[in-house]
Amino acid sequence: MVAPSTLPAGSVGSVETQFLDLPAPLPLDCGRELSSVRVAYETYGTLAPGRDNVILVCHALSGDAHAAGYSTVVSETSTRDGFAAESRDGAAGKALGWWDGMIGPGKAFDTDHFFVVSTNLLGGCKGTTGPSSINPRTGHAYGSDFPVITVADMVRCERAFLDELGIERLAAVAGGSLGGMQALQWAVTYPDQVDSIVVIASTHALHPQGVAWNAIAREAITRDPAWQGGDYYGTGRQPDDGMSVARMVGHMTYLSAPALEGKFGRRLQFADDIRYTIDRPEFEIESYLDYQAGSFVKRFDAGTYVRMSRALTYFDLARQHGDGSLARALANVSARTLLIAFSSDWLYPPVASMEIEAALNELGKPVEYHLIEAPYGHDCFLLEEARQTPIVRRFLKEDLQ
């Protein structure tokens with residue numbers, strides 16, 4: 001817990017993750033359905049009497065429900081363990097929410113005006129039903145029996161969850177990366193229930209290079225002998241080696257060459273000269289990757305990782321909703337759309353946001369596109385909070401009028 005007198009300005013304070021069980025089975029795109037789905041969530045701000053000030057914030061692949069404030073339960077590792085985390089967060093990092101700089105009084109998602117809701121995604125490993133959860137039919141972890149899920153399934157789960165809270169309409173849905181995909185899916189699937197969407201460092205469909213990197217990460221996990229076909233829960237062995245490689249691959253795709261050059265260069269880690277080794281790190285960048293991998297395997301589940309990764313690659317609005325046409329897929333969208341991209345993001349490149357903007361403009365839909373020049377690659381959506389804030393605040397002001 002953090003004492004109110006020590007809270008920094010703009011903090012939502014101490015928060016506790018809550019849980020809600022959906023009363024009805026959840027249908028999935030694969031044709032199956034899940035019963036007894038539990039959703040982990042947090043809320044920030046005050047719900048208006050008319051329940052019309054709600055913003056749903058959606059997390060990326062490795063996030064969770066703890067988006068803002070200081071968690072009452074401090075875990076060993078943090079979702080904020082990415083690039084430059086130590087210098088940004090200091091000792092508070094392990095308790096802080098993954099988008100704390102964007103959510104709170106006076107921030108981008110201003111809790112003086114909005115009631116912000118964050119959930120752990122369907123298929124997750126931080127409280128929402130996923131592969132590591134107990135299957136009520138068997139009394140054991142789902143493991144390999146947990147279905148393949150899609151972004152549309154995640155959104156369907158969020159809709160069912162909000163129904164239980166009595167929230168029918170959203171002032172906005174917002175997120176970066178996979179979170180931005182969910183925002184787009186919300187606008188397409190529930191066009192009459194969303195006023196605005198904020199789509200940051202995201203896309204209407206991963207480019208082939210992104211599909212390929214995700215495939216490599218999944219292969220690293222599933223080829224680890226400890227994967228055991230996905231049924232490693234309770235065996236005392238888990239695919240940590242595969243997950244480590246997957247994290248290394250994934251983390252490098254989130255960064256840019258200039259950012260890595262600036263932070264690491266070719267500096268040696270442990271000596272003034274090379275030591276002629278194969279299996280030990282020689283360079284700072286190698287040690288950094290080892291650290292990232294070690295932190296990640298402590299906090300994230302491999303079964304969740306492979307399913308989130310697959311959901312990312314399946315997402316394709318034009319194919320799924322427009323018979324190959326992005327404009328047709330977006331034809332029924334009524335939400336105002338804010339798109340933010342970053343110049344150095346090669347995994348979710350600005351051209352993807354520009355394509356969404358062009359399709360919405362062609363349809364005469366309200367859309368804003370902003371390109372932020374920043375050197376940190378895809379991770380900019382987590383690192384460049386100060387530069388995103390005025391853009392988002394100005395955009396959301398219309399929802400307050």
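Strand E6 (residues 54–58) pairs with strand E10 in the parallel sense over four bridges. The model described here is predicted. Within this pairing, Leu56 has Val117 of E10 as its bridge partner. Strand E5 (residues 38–44) also pairs with E10, in the antiparallel sense and over four bridges. There, Val117 of E10 is the bridge partner of Thr43. The two pairings of E10 are set out below.

| Strand | Sense of pairing with E10 | Bridges |
|---|---|---|
| E5 (residues 38–44) | antiparallel | four |
| E6 (residues 54–58) | parallel | four |

Strand E10 itself spans residues 115–119 and is mostly covered, with five of its five residues buried. In a regular strand, side chains alternate between the two faces of the sheet. In E10, Phe115, Val117 and Thr119 point one way, while Val116 and Ser118 point the other way, and all are buried.

The helices provide a second topic. Two packed helices are described by the angle and the distance between their axes. The axes of helix H2 (residues 151–165) and helix H3 (residues 178–189) come within 9 Å and cross at roughly 70 degrees. Because angles of 65 to 115 degrees count as roughly perpendicular, H2 is roughly perpendicular to H3. The crossing of H2 past H3 is right-handed. On the H2 side, the contact is formed by Val151, Ala152, Met154, Val155, Glu158, Arg159 and Leu162; on the H3 side, Leu178, Met181, Gln182, Gln185 and Trp186 take part. The residues of this contact comprise eight nonpolar, two polar and two charged.

How values were computed. Residues are numbered from 1 along each chain as its sequence is written. This is a predicted model: local features need pLDDT of at least 70, side-chain atom pairs count only at pLDDT 80 or more; totals for chains, interfaces and linings use all residues. Side-chain values use heavy atoms; hydrogens and water are left out. Buried means under 20% relative accessible area, exposed over 50%, partly exposed in between (1.4 Å probe, protein chains only). Two strands pair if DSSP finds at least two bridges between them. Axes are lines fitted to C-alpha atoms, for helices over the stretch in contact, and angles run from 0 to 180 degrees between N-to-C directions. Angles under 35 degrees count as roughly parallel, over 145 as roughly antiparallel, 65 to 115 as roughly perpendicular and the rest as oblique. A crossing is left-handed if the near helix is turned anticlockwise from the far one by less than a right angle, and right-handed if clockwise. Contact means heavy atoms within 4.5 Å. Ala, Val, Leu, Ile, Met, Phe, Trp, Tyr, Cys and Pro count as nonpolar, Asp, Glu, Lys and Arg as charged, and the others, Gly among them, as polar.
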